[in-house]
Amino acid sequence: VAIVGPSGSGKSTLLNILGLLDRATEGGVRVAGHDTSELTDAELSGLRSREIGFVFQQFFLLSGMAALENVADGLLYTGTPLAERRERAAVALERVGLSHRVGHEASKLSGGERQRVAIARALGGQPSIVLADEPTGNLDSRSSEAIIDLLHELNAEGASILVITHDRDIAAGLPRQVSVRDGRIEHDSAAVVL
């Protein structure tokens, strides 16, 4: 699903609510059969760590740490032992085409490589939902294409993918588009018209 809309329209707020970072003031959010309004903050954190992977435009990698450690640290809140976190991180980095860069510090990677590390971090927990906030915003067109191709692959494998983007071409390449303006859904291509 692509979420599109102008700056300030509520796209990131919607992502934060869907990602259980913020609570909805109205309505409800159900994730993996759980009514999130009934969960404590600790339960929300646990559900988030098991079910949701986040990919942000700014990467949020620790520059002095190797790619492997950045991805492995993304699994800290899952309670997974260190050896297994590193193993899963290596598999995730291989999945995004970075097995040859596992030992490189994040600051020494290109923008496209850093975004792939961020995606690997999101995939390390094997989430059923991946929320991507402008995942191609800081990338050149070739790197952007590779990131979108990877998101399509993940979707084909069963993960639900939600991409916030200003890029109408990226949105048009996804099977569903939702337009947001002033905090409201303006259009949903999957809406049933009666």
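Biologist: Is F54 buried or exposed?
Modeller: F54 is buried, because its relative accessible area is 15%. Buried means under 20% relative accessible area, exposed means over 50%, and partly exposed lies in between, using a 1.4 Å probe and protein chains only. This is a predicted model, where local features need pLDDT of at least 70 and side-chain atom pairs count only at pLDDT 80 or more, while totals for chains, interfaces and linings use all residues. Residues are numbered from 1 along each chain as its sequence is written, and side-chain values use heavy atoms, with hydrogens and water left out.

Biologist: What is the mean pLDDT of the chain?
Modeller: The chain has a mean pLDDT of 88, and 98% of its residues reach 70 or more. pLDDT is the predictor's confidence in each residue, from 0 to 100. Helices (H or I, at least four residues) and strands (E, at least two) are DSSP runs, numbered from the N terminus.

Biologist: Back to the rings. How many aromatic pairs are there in the whole structure?
Modeller: The search finds two. In one of them, the ring centres of F54 and F56 are 5.6 Å apart and the planes are at 5°, so this pair is stacked. F56 also forms an edge-to-face pair with F60, at 5.6 Å centre to centre and 80° between the planes. Rings of Phe, Tyr and Trp (its six-membered ring) pair if their centres lie within 6.5 Å; planes under 30 degrees apart count as stacked, over 60 as edge-to-face and the rest as tilted.

Biologist: And how exposed are F56 and F60?
Modeller: F56 is partly exposed, at 21% relative accessibility. F60 is exposed, because its relative accessible area is 55%. F54, F56 and F60 form one aromatic cluster.

Biologist: New topic. Where does S9 lie?
Modeller: S9 lies in the loop between strand 1 and helix 1 (11-18). S9 is buried, with a relative accessible area of 3%. Leaving out residues up to four places away in sequence, S9 touches V180, R181, D182, G183 and R184; contact means heavy atoms within 4.5 Å. The side chain of S9 also reaches the backbone oxygen of V180 at 3.5 Å.

Biologist: What does V180 stand opposite?
Modeller: V180 stands opposite I185 in strand 8. Strand 7 (residues 177-181) and strand 8 (residues 184-188) run antiparallel and are joined by four bridges. Two strands pair if DSSP finds at least two bridges between them. Their hairpin has two residues between the strands, and D182 there takes a positive phi near 50°.

Biologist: Which residues touch the most other members in the largest nonpolar core?
Modeller: L93 and V117 do, in a core of 35 residues. A nonpolar core is a set of buried Ala, Val, Leu, Ile, Met, Phe, Trp, Tyr and Cys residues joined through side-chain atoms within 4.5 Å. Apart from this core lies another, of 16 residues, among them L20, V29, I52 and I164.

Biologist: Where does L20 lie?
Modeller: L20 lies in the loop between helix 1 and strand 2. L20 is buried, at 5% relative accessible area, and has a positive phi of about 65° although it is not a glycine.

How values were computed
Polar contact = N/O pair within 3.5 Å; in protein donor to acceptor, adjacent residues only side chain to side chain.
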